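Please read the following note beside the sequence and the model. It is written for a reader who is new to protein structures.

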Amino acid sequence: MKHLIAPSILAADFTRLADEFAMVNESEADWFHLDVMDGRFVPNITFGMFIVAAMKKMAQKPLDVHLMIVEPERYVESFREAGADVISVHYEACPHLHRVVHQIKDSGAKAGVALNPHTPVSVLEDLLDDIDLVCLMSVNPGFGGQKFIYRTIPKIRQLKEMIEAANASILIEVDGGVAQHNAESLLRAGADVLVAGSSVFKAPDPQNAIHQLKALEPIRSF
């Protein structure tokens with residue numbers, strides 16, 4: 001399967017959001033990545049389900065909704081009703097993760113689990129048959145424009161080996177600091193979905209930046 005590109009709307013110009021959505025709709029991007037932050041799990045606050053519902057009206061591609069919030073189980077159905085196609089919750093925010101994953105799946109969305117940079121991928125060993133996507137944070141969650149943490153690359157390899165050993169069907173998503181200079185290494189390690197924020201929306205030609213990421217054809221190293 002060809003890798004997917006998910007531009008992160010957090011880096012878009014919110015004063016001209018309709019134009020930014022139109023640009024992504026017309027590009028080679030595959031998903032819209034939406035970061036929902038509550039000011040508790042992470043220090044920043046972004047937007048909630050009402051804004052996601054408004055974005056759904058503009059989007060012609062699936063919405064990949066990343067819940068960086070505490071008690072995400074309280075809002076799963078609301079975000080699904082707002083238009084989320086993929087819903088990812090943080091391992092660190094869910095003491096009953098198995099239950100929340102199945103709550104997402106029962107809502108009709110694809111279920112993702114996000115891991116902070118310090119969290120080992122081994123914590124997901126008992127969930128590999130249940131989840132559709134793992135979002136590996138390659139920066140500390142909460143703010144866009146951070147520097148990429150290179151320790152993420154061996155984590156991708158380790159996770160890919162776990163998925164293949166379990167004969168599971170799971171997409172590996174990488175979120176944070178993804179750009180042209182490191183995207184090939186991520187794909188070679190086994191990433192399936194690249195979340196790109198500043199490297200797309202701050203580029204002189206955002207559609208070309210998406211094209212350059214989509215056009216990569218790395219040979220995987222495992």
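1. The model under review is predicted. The protein chain contains eight helices and eight strands. Its radius of gyration is 16 Å, close to the 17 Å that the globule rule gives for 222 residues, so the chain is as compact as a globular protein of that length. Along the principal axes, the C-alpha trace spans about 45 × 40 × 30 Å.

2. Of the 222 residues in the protein chain, 55% are buried. Among contacts with a separation of 6 or more, 66% are between residues 24 or more positions apart.

3. Surface and charge. The protein chain exposes about 9,900 Å², and carbon and sulfur atoms supply 50% of that area. It carries 20 positive and 29 negative side chains. The centres of these two sets lie 2 Å apart.

4. The largest nonpolar core. In soluble globular proteins, nonpolar side chains tend to be buried together. In this model the largest nonpolar core has 66 residues, and the members that touch the most others are Ile 9, Leu 34, Val 52, Val 65 and Leu 186. Helix 5, residues 152-165, gives the most to this core, with five residues. Apart from it lies another core, of 16 residues, including Trp 31, Ala 93, Val 193 and Val 195.

5. Ile 9 as an example of a core member. Which residues does Ile 9 touch, not counting those up to four places away in sequence? They are Phe 14, Leu 17, Phe 21, Phe 32, His 33, Leu 34, Met 55 and Phe 201. One of these, Leu 34, is also named among the members of the largest core that touch the most others.

6. Val 121, a buried loop residue. Val 121 is placed in the loop between strand 5 (110-115) and strand 6 (133-137). Its relative accessibility is 1%, which is under 20%, so Val 121 counts as buried. Leaving aside neighbours within four places in sequence, Val 121 is in contact with Leu 115, Leu 136, Lys 155, Gln 158, Leu 159 and Met 162. The C-alpha atoms of Val 121 and Leu 159 are separated by 6.1 Å, although the two are 38 residues apart along the chain.

7. Ala 191, in another loop. Is Ala 191 buried or exposed? Ala 191 is buried, with a relative accessible area of 0%. Its place is in the loop between helix 6 (180-189) and strand 8 (193-196). Ala 191 and Val 134 are 57 residues apart along the chain, and their C-alpha atoms are separated by 9.9 Å.

8. Ser 27 lies in the loop between helix 1 (17-25) and strand 2 (32-37), and at 12% relative accessibility Ser 27 counts as buried. Beyond residues up to four places away in sequence, Ser 27 touches Lys 61, Gln 207 and Ile 210. Gln 103 is found in helix 4, residues 97-107. With a relative accessible area of 18%, Gln 103 falls under the 20% limit and is therefore buried.

Definitions and conventions
Residues are numbered from 1 along each chain as its sequence is written. This is a predicted model: local features need pLDDT of at least 70, side-chain atom pairs count only at pLDDT 80 or more; totals for chains, interfaces and linings use all residues. Side-chain values use heavy atoms; hydrogens and water are left out. Helices (H or I, at least four residues) and strands (E, at least two) are DSSP runs, numbered from the N terminus. The radius of gyration is taken over C-alpha atoms; the globule rule is 2.2 Å times the number of residues to the power 0.38. Buried means under 20% relative accessible area, exposed over 50%, partly exposed in between (1.4 Å probe, protein chains only). Contact means heavy atoms within 4.5 Å. Accessible areas come from the Shrake-Rupley method with a 1.4 Å probe; for residues, only the protein chains shown count as cover. Lys and Arg count as positive and Asp and Glu as negative; His and the chain ends are not counted. The place of a charge is taken as NZ of Lys, CZ of Arg, CG of Asp or CD of Glu. A nonpolar core is a set of buried Ala, Val, Leu, Ile, Met, Phe, Trp, Tyr and Cys residues joined through side-chain atoms within 4.5 Å.
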